[in-house]
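Here is a short briefing for a first look. Please keep the sequence and the 3D view open while reading.

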Amino acid sequence: MAHKPYISRRQFLKMSAMAGGAAFLAACAPKAAAPGGAALPDLASGNNIPMDQLIAAAKTEGTLTTIALPHDWANYGEIISTYKTKYGLAINELNPDAGSADELQAIEANKDSKGPQAPDVVDVGISYPAQAMQKGLLAKYKLSTFDTIPLKDPDGYWYAEYYGVLSFEVAKPAIANTPQDWEDLLKPEYKGKVAMAGDVLKSNEAVQTVLAAGLSRSGGDLAKAPEMGLQFWKEMNDAGNFIPVIADQGRIAQGETPLTMEWDYLSLANRDKLAGNPEIEIVIPKTGVLAGPYAGAISAYAPHPYAARLWWEFVFSDEGQNLYLKGYAHPIRFNDMVKRGVVPQAMLDKLPPAEAYAKALFPSVDELNTAKTYITENWRKVVFGE
Amino acid sequence: MKRRVNIWAWIIFLIGIIYFFLPLFSTFEFSMRMIKGRYTFEAYREAFTDPEFFVNFGYSLMWSILTIIISLLLVVPTAYWVHWRMRRARALVEFITLMPFVVPAVVLVFGMSRLFGGGLKLFGHSILVLTPTPIPLIAGYVVLSFPYMYRAVDTGLRAIDVRTLTEAALSLGAGWRTIITQVIFPNLRVAILSGVFLTFAIVMGEFTFASLLSWPAFGPYMEEIGSMRAYTPQALAVVSFLLTWGSIGLINWVGRGAPGQQQVAGAH
Amino acid sequence: MSLIKSPPTVSSKTSEKPVAVPSTRESPWDWLGLLPFLLFAFLFLFAPSASIFVNSFQDLSGHFTLSNLAAILTERDFLNAYKASLSISFITAAGGAIFGFLLAYAVVMGGLPNSLRTFLLTFSGVASNFAGVPLAFAFIATMGNAGLVTGWIETILGVDIHAQGFTIYNIWGLSIVYMYFQFPLMVLIMAPALDGLRREWKEACENLGGTSMQYWRYVAFPILMPSLLGTTILLFGNAFGAYATAYAFSGSFINLVTIVIGAQLQGDVLFNPGLGNALALGMIVIMTLCMLGYLYMQRISARWVR
């Protein structure tokens, strides 16, 4: 029989069909099969997964999708790049300007999509996880360092990652005498010079600014603080010291808002970035020191659940927490880490003196919510008299 | 008849120029202050040496081109159809094209991300799950471009009396392809260009859609730089103003002497 | 009955159409030509907008409620927001219309060189889109507490205007900022309308012995009025819907509807999308009325142009 060098048409079609069928079956196969055939670790129970299994599982996913992590905020830039190099995963960074509400919105809007727009992990204001849990948007997981985290959900739905305290960010030489405490801000020399770094109705930081001022006035009484805080800002507005414009780096540099209040990690980062043009002095007020933690959580609809859990393992490890410190944010496990001596002295030296933080108050989530509601509902009425 | 030179016209023009240029000058002056003690273009250098600048600019460029193509494909035939066959639908179509002015962008985006993120269900399964793709973004941009594109093309069509031209061409035996390519399009060239450049300017600077749908674009990039830096964002603002002005100047130069030059621009 | 076929007469009822031209008779199939456009608009404009409409009637847990609508109609905060938005829209529409018209007149009919006309029109194309953070900064850098012009006035005239109580951080200050995109919009729309004022009319008026004043009062303004009013309405809607600029300027410290909507839908503090959407619905109603007014005015003015 003559040797046929070419595949007959029928044979070719058969082969393509088989190849196509195989590809189709492979695509349809449940993604849960890890290389080597072992089943992937259980997610539903929320139990801790040993690191080597977690890393292997994350590697099969290959990517992590984050949202609302500006690189300059608490050194997230370095945290992201370290995670990428350490575990060989890619990170898909969504919308760095998103607010906490936007992040939850992103989870909800992408519930069924599993595409690149669905975030795996979120970093939100401390009062947000409660709402998110109500809507079933979060997944629980017990980290290896879970017990050393002082502020968290007991089941592991969220954990506070870092905190800062409100500080005064003072531009020199526009401000000759640096204020040391909240009441100083009312002095006539600061007329037309004090601004908030956010909008009271939108920014957690701005609400805390009101609360901290109130805390200073009420001598630490959190219950009276919202009311007294509003009163303080009313006096600031009447005196003309408070200018109703939102401060940002450009306006600070330009001189329009030489005195503003921001989380210390942001103020310190700004000082570094402005590099002396203008000079920035950071002061932690003597009274009314309010700590503002941010909470991290995993999306219940995360397209890459293992990479998500690995992310938090990293962020809450000593290495990850020290990276926050490098960005001037106090990691939540700070006290535990200092006790064990794993915090480099050089880093500690770059922060404002520890005594300033000794009086930092950590309101509970409920206290925060009550304060937030009171302040936002009465802000315009009290301060602007509308 | 010689035009009398009106002194009031000059005064008004001068007042206008002062009003428009002072803020620009303040921005420019500030952008030059990056290094303490002297004026320098450092902020501009920093703006242009950031690799993210080119990445995001490139993405926005891509979004604009896609938007322009889809918008043209939708708007030009529709406008033509309205002019030639469906005069009675004109009011409806005009109203639809003005609706993007009416609905706030943030609201439209939220609506789209709910609807196309798995919110539409048919027999229990989500259909039209578009959020993993840039389709909602481009669709949103096309919707935003409707007022300008349609108005530009509509004005152009009005200026050239579509019916007469079409019927003349048909009665001379021209086929549809000839009519579209050799009769209508050449006359609409300026109008289309006008719509194209306005759409380009809008998409390049757009922020809300890109930010909330989490796609890289120049608008969110400018916003991010604005929150992270002091001097560079102002340099960027000056640059983008000049670039946009340049493009619009270009279209005016290209379209000089052609019929139908009315432009509309817009809402923020 | 004639066996000779008579040629169709002019008065014949059935109109014979010439062979080469397709029927211009209206048919429902004509709507098919609009189908792509209508489908697109439905999917990506009406459907998302409708979901807002629906969401305004939902509370935080998704149940039906009228409380959101009740809130926007009764709560003082929201009523104040609408009041402020309406007033700033009115101020900037009127101001923008007047000065914008004067500018358009100056370059079209004021005897200025043609190059200045091109300059102003192209500049207006950009300026009408210049908004948000850069615009806010530009004005703060000019007229703010540490602004350039503030500094000049202090150096040259020795007057600290801010000490005298001047501030740009209120409705009037924001209005000045809004004018930056209102003036150009007026110029862009009125310049062609002024072009449409035929020279013959002016000449005819003069021939009949009319003065310039009479020309404007009895000929030009009546013709221009629909365009003027229509564009003013457009400016009104434009200002009402402005968000980016107002927010960049002073956040929610100035109480405007768009700002309140933003605060309810985004941000770290408030979060009541149903309420935000109810506010948006109110805004959409107002804006739709503006648009309808504008379209109506355009229809009337189209009588004279072409």
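Predicted model: local features only at pLDDT ≥ 70, side-chain atom pairs only at ≥ 80, totals over all residues.

Chain C touches chain A through 32 of its residues. Chain C also meets chain B, with 95 residues from chain C taking part. Over all chains, the structure holds 21 salt bridges.

**Chain C on its own**

- Chain C has 13 helices and 0 strands.
- Of the 306 residues in chain C, 54% are buried.
- Among contacts in chain C with a separation of 6 or more, 71% link residues 24 or more positions apart.
- The accessible surface of chain C is about 14200 Å². Carbon and sulfur atoms account for 68% of that surface.
- The buried residues of α12(C) include Val257(C), Ile259(C), Gln264(C) and Leu265(C).

**Where chain C meets chain B**

- Here 95 residues of chain C are in contact with 86 residues of chain B.
- The two chains bury about 8100 Å² between them. Carbon and sulfur atoms give 76% of this area.
- The salt bridge count between chain C and chain B is 0.
- Polar contacts link 5 residue pairs between these chains, counting pairs with both residues at pLDDT 80 or more.
- Helix α2 of chain C (residues 35-55) gives the largest share of the side that touches chain B, with 15 residues.
- That side of chain C divides into 68 nonpolar, 22 polar and 5 charged residues.

**Where chain A meets chain C**

- In this interface, 36 residues of chain A contact 32 residues of chain C.
- The buried area is about 3000 Å², with 52% of it from carbon and sulfur atoms.
- There is 1 salt bridge across this interface. Asp77(C) and Arg380(A) form a salt bridge through their side chains, with 3.5 Å from N to O.
- Several elements of chain A each supply at least two residues to the side that touches chain C, among them α4 (100-109), α6 (204-217) and β7 (242-246).
- Helix α15(A) gives the most to that side, with 6 residues.
- The side of chain A that touches chain C has 14 nonpolar, 11 polar and 11 charged residues.

- Lys172(A) pairs with Glu281(A) in a salt bridge, and their closest N and O atoms are 3.7 Å apart.
- Lys172(A) sits in strand β5 and Glu281(A) in strand β9 of chain A, so the pair ties together parts 109 residues apart in sequence.
- Lys172(A) counts as buried at 18% relative accessibility. Glu281(A) is partly exposed, at 31% relative accessible area.
- Arg333(A) forms a salt bridge with Asp336(A), with closest N and O atoms 3.4 Å apart. Arg333(A) is buried, at 3% relative accessibility.
- In chain B, Arg90(B) and Asp154(B) form a salt bridge, and their closest N and O atoms are 4.0 Å apart.
- Arg90(B) lies in helix α4 and Asp154(B) in helix α6 of chain B, so this pair ties together parts 64 residues apart in sequence. Both Arg90(B) and Asp154(B) are buried.
- Back in chain A, salt bridges with shared partners join Asp318(A), Arg333(A), Asp336(A) and Arg340(A) into one network.

Key
Residues numbered from 1 in each chain as written. Chains lettered and ligands numbered in written order. Heavy atoms only, no water. Contact = heavy atoms within 4.5 Å. Buried area = accessible area lost by both parts, 1.4 Å probe. Helix = DSSP H or I, 4+ residues; strand = E, 2+ residues; numbered from the N terminus. Nonpolar A, V, L, I, M, F, W, Y, C, P; charged D, E, K, R; others polar. Buried < 20%, exposed > 50% of the residue type's maximum accessible area, 1.4 Å probe, protein only. Areas by Shrake-Rupley, 256 points an atom, 1.4 Å probe, with all protein chains shown as cover. Polar contact = N/O pair within 3.5 Å; in protein donor to acceptor, adjacent residues only side chain to side chain.
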